[in-house]
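Here are my notes on the model you sent. They are set out as numbered points, to be read with the structure open.

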Amino acid sequence: MLDIQALRNDLAGMAARLATRGFVLDTASFEKWEGIRKNIQTHAQELQAKRNATSKQIGFAKSKGEDVAGIMAEVATLGDELKQAEVLLAEVQSALQNLLEGLPNTPNENVPVGKSAADNVEVRKVGAKPSFDFAVRDHVSLGEGLGGLDFETAAKISGARFSLLKGGLARLHRALAQFMLDTHTDQHGYTEVYVPYLVNAASMRGTGQLPKFEEDLFKVGFGSPVQTLDAANTGQVASFYLIPTAEVPVTNMVRDEIVPLEKLPMKLVAHTPCFRSEAGSAGRDTRGMIRQHQFDKVELVQMVHPDESYVALEQLLGHAETILQKLGLHYRVVKLCTGDIGFSAAMTYDIEVWLPAQDTYREISSCSNFETFQARRMQARFRNAQGKPELLHTLNGSGLAVGRTLVAVLENNQLADGSVVIPEALRPYMGGLEVLRSLE
């Protein structure tokens, strides 16, 4: 969430910064609500001052033996007016809060200005594209040929955009996740966490999924068998959302917390399934495992001192790249332009892996610095060197998307007979197996 004081102090400047990402800030609406807020707040302060002054008159009048009934009636009337003003002020502040929650983050000044993905800037390419002397197969053909990828049964069980893995392919999927976790914990200094896959609305709001992206989420609502009483034990039934990424539960670990300075940076990693409705993606990537309702991801999350967040972003990006380098996969790093960065991000790098069957690069990780945007929504703070609470900077990135990494491993390591060479880094997790062959 943006700092409301920044909007109050430089509305035109903030509107210009948001315009670089294609977002039109309704300045008239903001000014209207701000004007109403100021008037009500001023009126409430005047009523409070008048009531305080009048209340003092009661004691003075009593000491002189005067009748105070009239003064007390006036104080009561002022109290009623003050309560009405406070109710109106709360309503206006709620409207301003709703307006703020719908505003995206302002891009960092070092983000390239552009309108779409076509304006993203390639930072580097790493590794070499594989060459084949035979017609390459895509991961669907390879997986089905290996007897380990079954979309038909998945569709029977659940529907479209689900996959079922078995045998060596299921083990390879598991091996990838374990390899990623071990690399990030043993070599990159992350602490592994296991988190809930169902979260409340406050958590979704904290990282920016709500209210704007509710249609992209799976909600476990009222009437569902998955229900519990709310945390306050009020007797109300709480509803949940399936996590679209581990970013949500992991980052919300610091919601409403003040982290001691010596605990920074916090570096956490989690392996979870992710659930996305893929609203608006009809007709896109309908074949295969690229765009699924359920997929696994190893997520990297950092909470850091504001002065160190852009150094941390480069380090986090490098941690994600390490996985691809160890697997011997060709990829490129792209800095997203203002028109392509996500709602909550101030700066984002995408890592795109080469997929031979598609003859193109596909995103396999997105690494972002959110600066104070998420922290302000969550009230996630740290105690600075002066002992005062200050908003954290939050970052995250995929380290990596497990399913898409599996796709890349299959397509880049395929042999002419449809078998797949297992990267050396994964062989210890595969019982020493070097080549994945058909079960038949």
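At what angle do helix H7 and helix H10 pack, and how far apart are their axes?

1. Helix H7, residues 167–186, packs against helix H10, residues 309–327, at an angle of about 125 degrees, and the two axes are 10 Å apart. Because angles of 65 to 115 degrees count as roughly perpendicular and those over 145 as roughly antiparallel, H7 is therefore oblique to H10. The crossing is right-handed.

2. On the H7 side, the contact with H10 is made by Leu-176, Phe-179, Met-180, Thr-183 and His-184. H10 contributes His-319, Ala-320, Thr-322, Ile-323, Lys-326 and Leu-327. By class, the residues of this contact are six nonpolar, four polar and one charged.

3. H7 also packs against helix H12, which spans residues 402–412. Here the angle is about 115 degrees, with the axes 10 Å apart. This crossing, too, is right-handed.

4. Which residues make the contact between H7 and H12? From H7 they are Leu-169, Leu-172, His-173, Leu-176, Ala-177 and Met-180, and from H12 they are Val-402, Gly-403, Thr-405, Leu-406, Val-409 and Leu-410. The division is nine nonpolar, three polar and no charged. Leu-176 and Met-180 of H7 are listed in the contact with H10 and also in the one with H12.

5. Two cis peptide bonds deserve a look. The bond from Leu-210 to Pro-211 is cis, with omega near 5 degrees; Pro-211 lies in the loop between helix H8 (201–207) and strand S6 (218–220). The bond from Leu-264 to Pro-265 is cis as well, with omega near -5 degrees. Pro-265 sits in the loop that runs between strand S10 (258–260) and strand S11 (266–275).

6. Please also check the backbone at Arg-161. This residue is not a glycine, yet its phi is positive, at about 65 degrees. Arg-161 belongs to the loop between helix H6 (151–157) and strand S3 (164–165).

7. On confidence, the chain averages a pLDDT of 93, and 94% of the residues score at least 70. Residues 223–227, however, have a pLDDT below 50, and this stretch makes seven contacts in the model beyond near neighbours in sequence. Where pLDDT is low, predicted coordinates should not be read in detail.

8. Finally, the domains. The assignment places domain 1 at 26–101 and domain 2 at 117–436. Taken over C-alpha atoms, the centres of domain 1 and domain 2 are 50 Å apart.

Notes
Residues are numbered from 1 along each chain as its sequence is written. This is a predicted model: local features need pLDDT of at least 70, side-chain atom pairs count only at pLDDT 80 or more; totals for chains, interfaces and linings use all residues. Side-chain values use heavy atoms; hydrogens and water are left out. Domain bounds come from an automatic or database domain assignment. pLDDT is the predictor's confidence in each residue, from 0 to 100. Contact means heavy atoms within 4.5 Å. Axes are lines fitted to C-alpha atoms, for helices over the stretch in contact, and angles run from 0 to 180 degrees between N-to-C directions. Helices (H or I, at least four residues) and strands (E, at least two) are DSSP runs, numbered from the N terminus. Angles under 35 degrees count as roughly parallel, over 145 as roughly antiparallel, 65 to 115 as roughly perpendicular and the rest as oblique. A crossing is left-handed if the near helix is turned anticlockwise from the far one by less than a right angle, and right-handed if clockwise. Ala, Val, Leu, Ile, Met, Phe, Trp, Tyr, Cys and Pro count as nonpolar, Asp, Glu, Lys and Arg as charged, and the others, Gly among them, as polar.
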